[in-house]
Amino acid sequence: MSTFLSCDWGTTAFRLRLIDSLNLRLISEVYTEQGIAKTFKLWQREASDKDRLSFYKNIIAVKIREIEMRLSASLDGVPVLLSGMASSSIGMVELPYKKLPFAVDGSDLITHIVEASADFRHQILLISGVCSNDDVMRGEETQLIGCDRDLDQLYIFPGTHSKHIEVIGGKVVRFKTYMTGEFFVALCTNTILAVSVNKVGELKKFHNLESFKKGVLDCIHSTILHNCFLVRTNTLFNKLTKEENYYYLSGLLIGTELLDLANKSNQNISLAGNKIMMDLYSVALQILDIVKPFFLRRFNGDEALIKGQSTLYNNLVSKVH
């Protein structure tokens, strides 16, 4: 294949990219906030008497046509490599989780092929997730496959549900999920703290960075339930601006997440995500003395996802031939 369609369909967002297979270069992309959760509710409300797989494929087809119109070219026959929540119980086809351990080259990950048809002229590769006895993930396992995995280390994937994934001997042996991002959004929008925070500036601004650092350090000395109320009093007593308070709250939550690693200092750690989140986590890891800068590696999360999808597809094709 000369190109493929990389689809990342998460709980709250949908992203489709046309990728050059040779160098994994991005050619075109579309993004919407119609994630799997919203799509499933739409199917329940409007088309529950119809085949769910066809309903979901039609959503993808509409977005493929947007790229075709933009490029003035047909994408018939271009495969769709799909990871994230599309293989969940509210997705297109529910696939079982691969139980730990799993090989970081993706050789034992569970996948499913949906063949092309007259109404959808694209083969779909659905990628399943991974589970332990008490935790699950869908999407991060594909990103991990796309990272450079030459060391035994801990991989951190910041996000709505941040993941800490431990790799030993080429296998994922354990992982933990932290609801850091979801808690942050909930506190900023649905609690009394909403009137005390405002995201208008960047971390690199001196006062924002210092406020973030203070939040990380404060999480050491008291519980998150008390510390969060300080966000309120910071504005009442004019200690921090709403912009600075936004970063203070971020520091509290990220610091609390990373405290789990405080007794494992100076281990090899990799971050995979977008630059903004990796910058925040890098600062917090160093403040808590969990990792020294020269031990910390960073991977672009989008690039890792695309590389992981490509690796899985190529592995599958090589097995067939």
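**Entry 1. The model.** I am working from a predicted model.

**Entry 2. Helix α7.** I looked up helix α7, which covers residues 242-258. I asked what span its 17 residues should have at 1.5 Å a residue. I then looked at burial along the helix. Of the 17 residues of α7, 15 are buried, so the rest of the structure largely encloses this helix.

**Entry 3. The largest core.** Next I looked up the nonpolar cores. The largest one has 34 residues. Those with the most contacts inside this core are Ile-156, Phe-212, Leu-249, Leu-258, Leu-261, Ile-269 and Leu-285. Which elements give two or more residues to this core? I found the strands β11 (153-157) and β14 (269-273), together with the helices α4 (180-190), α5 (206-221), α6 (224-236), α7 and α8 (275-287). Helix α7 gives the most, with eight residues.

**Entry 4. The second core.** I also noted a second, separate core, which has 31 residues. Among them are Phe-40, Ala-47, Ile-59 and Ile-124.

**Entry 5. Leu-261.** I went back to Leu-261, one of the residues with the most contacts inside the largest core. I left aside its neighbours within four places in sequence. The residues in contact with Leu-261 are then Leu-154, Ile-156, His-164, Gln-267, Ile-269, Leu-285 and Ile-290.

**Entry 6. Ile-224.** I placed Ile-224 in helix α6. Is Ile-224 buried, partly exposed or exposed? Its relative accessible area is 25%, so I recorded Ile-224 as partly exposed.

**Entry 7. Cysteines.** How many disulfides does the model have? I counted zero. Cys-147 has 2% relative accessibility, so it counts as buried. Cys-228 is in no disulfide either, and the nearest cysteine sulfur, in Cys-188, is 9.6 Å away. At 11% relative accessibility, Cys-228 also counts as buried, because the cut-off is under 20%.

Terms used
Residues numbered from 1 in each chain as written. Predicted model: local features only at pLDDT ≥ 70, side-chain atom pairs only at ≥ 80, totals over all residues. Heavy atoms only, no water. Helix = DSSP H or I, 4+ residues; strand = E, 2+ residues; numbered from the N terminus. Expected span 1.5 Å × (residues − 1). Buried < 20%, exposed > 50% of the residue type's maximum accessible area, 1.4 Å probe, protein only. Disulfide = S-S within 2.5 Å. Core = buried A, V, L, I, M, F, W, Y, C linked by side-chain atoms within 4.5 Å. Contact = heavy atoms within 4.5 Å.
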